[in-house]
Amino acid sequence: MFKEIKNKPLRYIVILLYCIIAFFCLLELNFLWLFGYSVTKKDIESPAMRVSSEVYTADGKLIGKYFKENRTPVDFKKISPSVINALIATEDVRFYKHSGVDLISLGSSLLSTITGDKRGASTITQQLAKNLYRTRYNKSQGFIRHIPVIRTIVYKFKEWLTAIKLEQHYSKNEILTLYLNTVPFGNNTYGIKTAAKKYFNKEPDKLKVQESAMLVGMLKGTTSYNPIQNPKNALERRNVVLSQMAKYNYITKSEFKADSGSPLKVSQGVEEDDSQGDSYLRAAVARYLEKWCNDNNYDLYEDGLKIYTTIDSKLQKYAEEAVAEQMRILQNRFNEAWGNQNPWRDSKGVEVPNFIENAVAHLPVYAALKSRYKNNPDSIDIWLNTKKKMTVFSWKGEKEVEFSTIDSVKYYAKLLNTGMMTLDPFTGHIKVWVGGINNKYFKFDHVNQAKRQAGSTFKPFAYLAALESGMSPCDKFVDKPVRISYQENGKEVYWEPNNADFNFSGREMSLRWAMGKSVNSITAQITEKVGWDNVVKYAHACGIESPLKSVPSVSLGSNDVSVFEMVRSYGTFLNKGVRTEAILVDRITDRDGSKIATFKPKTERALSEEIAWLMLYMFRGGMDEPGGTSQSLWEWDLWKKNNQIGGKTGTSSDYVDGWYMGITKDLVTGVWVGCDDRSIHFRTSGTGEGAHTALPIFGKFMEKVYHDPSTGITYGPFPKPGVKIEREYNCPTPRYTEVDTTAADSSIVDSLNLLQFPEENPQTPLSEPNKIIPPKVQAPEPSRPNNPPAEVKPELTPAEERKQRREERKKARELKNGSEN
């Protein structure tokens with residue numbers, strides 16, 4: 001058909017045009033998969049920008065981000081005009097005069113290249129096409145990518161086509177906004193808003209001319225012109241941008257002279273920790289939302305979600321402060337207790353052989369060393385024992401040391417860790433989440449990833465089973481030796497638990513007193529009477545989901561559970577017997593604030609309201625009953641306005657795990673303290689029990705919370721029962737002179753131990769398991785009314801008694817802290 005055109009020059013021009021049109025059609029269609037993917041109309045209308053998702057507290061404070069490219073989009077009107085002017089003057093001075101491809105600039109660039117002055121001709125729109133749609137990445141490449149020169153020409157043509165499409169769909173200002181929201185600025189910083197925060201700690205509409213010039217100058221090379229890494233180059237490049245702005249009359253000559261003579265003045269902003277705002281909370285939210293994202297086809301790291309958690313920023317702050325204050329004290333106490341001795345010991349107190357060697361063998365680097373030095377263990381040992389500079393965690397701040405790998409393992413093995421969670425059981429909202437002492441150095445979360453023996457904090461489920469069986473808080477059992485037989489692996493075995501102090505008083509105790517004082521022998525009798533299967537049943541009903549081995553010792557916390565489970569379960573008691581699922585996220589919106597999802601907790605009645613109220617009354621026994629194990633709380637300012645607190649301490653065998661579960665009228669809080677390896681623990685009850693490790697964290701936390709009226713958490717008693725209480729519960733316990741209100745509370749001494757240590761001196765000869773040690777003073781036996789009455793303390797008013805105890809605790813605390821400091 002071309003032969004019909006008689007004029008040869010015209011014919012050749014038409015053939016050329018026809019070939020160009022055919023080429024672009026083939027390019028768009030990806031003919032025979034030669035050219036790769038081409039941007040579609042849908043892609044243009046909905047550009048897939050990788051936008052970071054942000055995590056907020058319930059009161060709107062940013063606490064972290066999830067991103068592959070750290071980017072937060074911003075509107076055109078919130079970008080300083082100086083940024084726009086600097087960009088146009090430097091990158092595309094004819095931006096407002098072309099339609100995506102600047103033919104004049106292209107021709108000028110070709111001539112310059114021919115004469116030896118090579119310079120680019122890509123417009124801002126073309127650069128946007130390349131950045132936004134990644135036109136030079138694998139998805140956009142076809143078979144042609146294997147042909148060096150041709151592939152570059154094809155890439156350029158595809159960018160032209162995409163640029164023209166962008167110009168047809170968006171206004172010039174919208175293109176500039178898209179561009180400035182997508183370009184990289186180094187240090188995993190994308191977009192003008194993130195860059196302004198990163199390098200000048202301000203919003204993009206507050207940038208000055210010289211600051212805008214520096215940021216635009218970085219676009220030529222984010223490493224070469226990085227003001228942090230290469231400040232000299234960055235200064236020179238900034239001044240080049242300023243000269244371009246002066247050349248095209250965006251600034252005056254005098255302004256150019258003043259701005260180019262000024263220093264860079266970089267002021268780095270802290271964006272909730274540069275490593276994506278890493279924290280236990282941020283990681284917990286990611287785990288919490290993993291299934292939701294999969295089910296709803298969202299990418300947490302690219303879709304720009306705004307996630308509003310249930311966390312209260314003030315309570316979280318006070319919890320972190322309390323943890324830091326107490327854990328620093330505990331670490332000093334732990335170090336002093338062991339001195340130069342290695343703390344990894346078995347239940348007999350014997351040092352665990354090859355402990356460090358076994359720990360090193362589990363390191364990822366060890367597998368690599370075995371592969372590198374096959375059949376050469378000496379080379380592995382040399383590498384592991386070679387000292388090198390490293391930064392380690394310490395309670396005095398990060399510390400620069402010269403450690404070998406072996407030294408590092410020894411150092412970190414001796415560090416205590418913790419987990420803490422606070423729940424509002426009425427709404428199911430988690431208010432506090434502290435997964436450990438430092439997320440940078442210890443990634444493992446001790447709230448819901450770690451599971452440890454709960455010790456005596458599990459005892460309330462035995463007393464709950466007792467109430468469910470028809471007993472009342474006033475029912476009595478005798479503190480005496482117990483021997484319980486049961487079947488294990490087809491054999492009859494016996495369990496003979498000791499009390500924590502190796503004594504059996506022979507006293508008759510109410511359920512409330514026994515639970516408040518944490519008496520192992522009575523807990524064991526109750527477990528035998530109600531059946532350990534029922535203890536397991538009611539623990540599961542309240543919120544424990546971990547598998548529980550149904551054995552007599554289940555009531556003393558022999559099973560592993562998480563802080564998360566324990567707090568949720570205790571919340572059932574406070575929430576009038578209704579089990580409420582604990583939730584960490586309240587709602588999610590898109591980047592524009594449109595609501596995508598809301599989260600509501602599931603609820604289920606687990607206990608009657610009467611039983612739940614009676615359990616709260618029992619928990620208060622830890623403060624009210626003689627020898628109650630929560631009475632160290634008198635030390636803190638928690639007792640104004642008739643305030644009431646219920647709680648339970650717990651300690652596992654050999655002081656490995658210390659727990660405290662605290663209940664107020666508003667909140668339930670759980671705290672665990674211990675080392676990550678169970679072979680490492682305190683030596684004595686005076687240092688290692690939950691009453692001395694975990695309880696002070698709760699006390700300090702609640703004191704801070706109560707002292708801040710803006711938290712909305714106030715002093716006050718538990719609410720009165722909403723139903724009639726049919727069972728007897730008001731049965732005051734007489735106070736005997738020999739009662740020690742700091743008495744041990746734990747399951748640390750029971751038949752789970754192969755060997756028990758006396759309370760303070762590890763060198764003291766060991767007692768035989770279950771050997772009865774007679775009490776120093778015995779209360780009168782109920783069966784002998786003619787006996788003289790036990791000596792009773794002079795009666796004090798409740799206020800006087802609280803004041804007296806608080807003063808005693810304060811003096812003890814001052815003496816203890818003084819010795820530790």
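## Pro231 and helix H10

Pro231 lies in helix H10, residues 231–247. Helices are DSSP runs of H or I with at least four residues, strands are runs of E with at least two, and both are numbered from the N terminus. This is a predicted model: local features need pLDDT of at least 70, side-chain atom pairs count only at pLDDT 80 or more, and totals for chains, interfaces and linings use all residues. Residues are numbered from 1 along each chain as its sequence is written, and side-chain values use heavy atoms, with hydrogens and water left out.

Pro231 has 41% relative accessibility, so the residue counts as partly exposed (buried is under 20% relative accessible area, exposed over 50%, partly exposed in between; 1.4 Å probe, protein chains only). Leaving aside residues up to four places away in sequence, Pro231 touches Asn226 and Leu264. Contact means heavy atoms within 4.5 Å. Leu264 is 33 residues from Pro231 along the chain, with 7.8 Å between their C-alpha atoms.

Strands S17 (residues 585–589) and S18 (residues 595–598) pair in the antiparallel sense over three bridges. Pairing requires at least two DSSP bridges between two strands. Arg587 has Thr598 of S18 as its bridge partner. Five residues sit between the strands, and Gly593 takes a positive phi near 95 degrees in this hairpin.

## H3 against H7

The axes of H3 (residues 81–91) and H7 (residues 172–182) come within 12 Å and cross at roughly 90 degrees. The two helices are therefore roughly perpendicular (65 to 115 degrees). Axes are lines fitted to C-alpha atoms over the stretch in contact, and angles run from 0 to 180 degrees between N-to-C directions.

H3 contributes Val83, Ile84, Leu87 and Ile88 to the contact; H7 contributes Leu176, Tyr179 and Leu180.

Technical notes:
Parallel < 35°, antiparallel > 145°, perpendicular 65-115°, else oblique.
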